[in-house]
Amino acid sequence: MFEKFKPTWMVKSVYNVSPQQLKQHGIRAVFSDLDNTLIAWNNPNGTPELHRWMKELDQAGIPLIVISNNSKKRIGKAVAGLDLPFMARSMKPFSYGITRARKKLGLKKHEVVMVGDQLMTDVIAANRAGVYSLLVKPLINTDKWITWPNRQMGNLVWRELKKQYPNLKWQEGLEDE
Ligand SMILES: [Mg+2]
């Protein structure tokens, strides 16, 4: 029952995931949540680390696409400082947006990883879509109140997941799988 919540990987910071590691796993595109995964509300243009990582991906020919539940207008504004492509109205925790973006790129399921800070939306959506799922720690803890119920639920699931999969742990990157 808890399998749909189980991330493929748990990495402290996505900036540690190098193009080389992604390629070793056959991953050709990175899909990502935006809020608290790539940027925090208090720094909408992203940190220097984010920009360095984005440049690395770009140079390696690995597209980074934001998968968002927001409308085109809202997400367009939010990613303006990052200049990233995005899929709006993705309907996470359902697979809709991920699958749509994957098919647009003509990629197979095992060629895509979905990154996010929330079990209850990002990881479930990725698992439903059949792509790799990568859970990261939220950039900051003072989140918008609207995600609070999600987080509480996530905490319950989290405890259960740890019980069922005692080997699940935060890693530095994809190499120590
Ligand atoms: Mg998020």
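Phe94 lies in the loop between β4 and α4, where helices (H or I, at least four residues) and strands (E, at least two) are DSSP runs numbered from the N terminus. Together with Met91 and Tyr96, Phe94 forms a nonpolar patch on the surface, with about 320 Å² of accessible area for the three residues together. Such patches are made of residues with over 30% relative accessible area and no salt bridge, like charges being joined within 9 Å and nonpolar side chains (Val, Leu, Ile, Met, Phe, Trp, Tyr) within 5 Å. Accessible areas come from the Shrake-Rupley method with a 1.4 Å probe, and for residues only the protein chains shown count as cover.

The model is predicted, so local features need pLDDT of at least 70 and side-chain atom pairs count only at pLDDT 80 or more, whereas totals for chains, interfaces and linings use all residues. Residues are numbered from 1 along each chain as its sequence is written, and side-chain values use heavy atoms, with hydrogens and water left out.

**Overall architecture**

- The secondary structure of the chain comes to 6 helices and 6 strands, and read along the sequence these follow the pattern β-α-β-α-β-α-β-α-β-α-β-α.
- The radius of gyration, taken over C-alpha atoms, is compared with a globule rule of 2.2 Å times the number of residues to the power 0.38; for 177 residues a compact globule would have a value near 16 Å, and the 15 Å of the chain agrees with this.
- Taken along the principal axes, the C-alpha atoms fill a box of roughly 40 × 40 × 30 Å, and the accessible surface of the chain comes to about 9600 Å², of which 53% belongs to carbon and sulfur atoms.
- Of the 177 residues, 46% count as buried, where buried means under 20% relative accessible area, exposed means over 50%, and partly exposed lies in between (1.4 Å probe, protein chains only).
- Among contacts (heavy atoms within 4.5 Å) with a separation of 6 or more, residues 24 or more positions apart account for 69%.

**Nonpolar cores and buried positions**

- A nonpolar core is a set of buried Ala, Val, Leu, Ile, Met, Phe, Trp, Tyr and Cys residues joined through side-chain atoms within 4.5 Å; in the largest core, which has 28 residues, Leu22, Val30, Trp53 and Leu134 touch the most other members.
- The elements that give two or more residues to this core are β1, α2 (48-59), β3 (64-67), β5 and β6 (132-136), and α2 gives the most, with 4 residues.
- Leaving aside neighbours within four places in sequence, Trp53 is in contact with Val14, Tyr15, Val17, Val30, Leu38 and Leu64.
- Ser32 is found in strand β2 and is buried, with a relative accessible area of 1%; beyond its neighbours within four places in sequence, Ser32 is in contact with Thr37, Leu38, Leu64, Ile65, Val66, Ile67, Met114 and Val115.

**Salt bridges**

- The structure holds 6 salt bridges, each defined as a side-chain nitrogen of Lys or Arg within 4 Å of a carboxyl oxygen of Asp or Glu.
- Lys12 forms a salt bridge with Glu172, the closest N and O atoms being 2.5 Å apart; because Lys12 lies in the loop between β1 (9-11) and α1 (19-24) and Glu172 in the segment after α6 (148-164), the pair ties together parts that are 160 residues apart in sequence.
- Both ends of that pair are partly exposed, Lys12 having a relative accessible area of 36% and Glu172 one of 40%.
- Arg28 and Glu111 meet through their side chains in a salt bridge of 3.3 Å, N to O, which links the loop between α1 and β2 (29-32) with the loop between α4 (96-105) and β5 (112-116), 83 residues apart.
- In that pair Arg28 is partly exposed at 49% relative accessibility, whereas Glu111 is buried at 11%.
- Asp122 and Lys92 form a salt bridge with their closest N and O atoms 3.0 Å apart, joining helix α5 (residues 119-129) to the loop between β4 (86-87) and α4, 30 residues apart.

**Helix α5**

- In α5, 9 of the 11 residues are buried, so the helix is largely enclosed by the rest of the structure; Asp122 is one of these buried residues, which also include Leu119, Val123 and Ile124.
- Just after α5, Gly130 takes a positive phi of about 80 degrees.
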